[in-house]
Amino acid sequence: MPGDVGTQNLPILTKKSVIKTGALLVVSLGLYWFSEDFSPATIFEPQSLGWVLWVSYAKDLIQPFGFYFFLCLFERWLKPWPLRALAAFLIPTLMEFGQVFWTVLIYRQQLLYMGNFDPLDIAAYAAGVALAALVEHQVLRKTFKGW
């Protein structure tokens, strides 16, 4: 019914918005899946420079890149892109600082290694988010009308 209060604030789904949502999901979740499941030993010799760089910093670059595009799904609430970029940078950065305080977790009388603080990880987070914002503004917005 036209006067129904429950449907007044629903967004209008258009073909363009469905395609954009699908593309954002494919990019963000695909990059996350790739960064988690890809074994660097398939292309790098173990303990080589490429292998060490992949194991140490590739996830730190790829995952914030994908997280930025995941946050683009919520641009209705996170309208300005600097806000999305800040969130995509701050969340992994705060988790990295958490490693300073929680390097070992006691779980069922076992010590579990939880990671180690590395300030270069924060630089990789910043580079990933900056690259994602650059791709969004310089490539996607110029290539696809209405992005």
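Colleague: What does Arg141 form a salt bridge with?
Modeller: Arg141 pairs with Glu136, and their closest N and O atoms are 3.5 Å apart. A salt bridge here is a side-chain nitrogen of Lys or Arg within 4 Å of a carboxyl oxygen of Asp or Glu. Salt bridges that share partners join Lys20, Glu75, Arg84, Glu136 and Arg141 into one network. Keep in mind that this is a predicted model: local features need pLDDT of at least 70, side-chain atom pairs count only at pLDDT 80 or more, and totals for chains, interfaces and linings use all residues. Residues are numbered from 1 along each chain as its sequence is written, and side-chain values use heavy atoms, with hydrogens and water left out.

Colleague: Is Glu136 buried or exposed?
Modeller: Glu136 counts as buried, at 1% relative accessibility. Buried means under 20% relative accessible area, exposed over 50%, and partly exposed in between (1.4 Å probe, protein chains only). Arg141 is partly exposed, at 36%.

Colleague: And where does Arg84 come in?
Modeller: Arg84 and Glu136 also meet in a salt bridge, 3.4 Å from N to O. That pair links helix α3 (residues 81-101) to helix α4 (residues 119-143), 52 residues apart. Helices are DSSP runs of H or I, at least four residues, numbered from the N terminus.

Colleague: How many salt bridges does the structure hold?
Modeller: Five. One of them joins Lys59 to Glu36, with the closest N and O atoms 3.6 Å apart. Lys59 lies in helix α2 and Glu36 in helix α1 (residues 15-37).

Colleague: Changing topic, where is the kink in α2 centred?
Modeller: On Tyr57, at about 50 degrees. The bend at a residue is the angle between axes fitted to the seven residues ending there and the seven starting there.

Technical notes:
Helix = DSSP H or I, 4+ residues; strand = E, 2+ residues; numbered from the N terminus.
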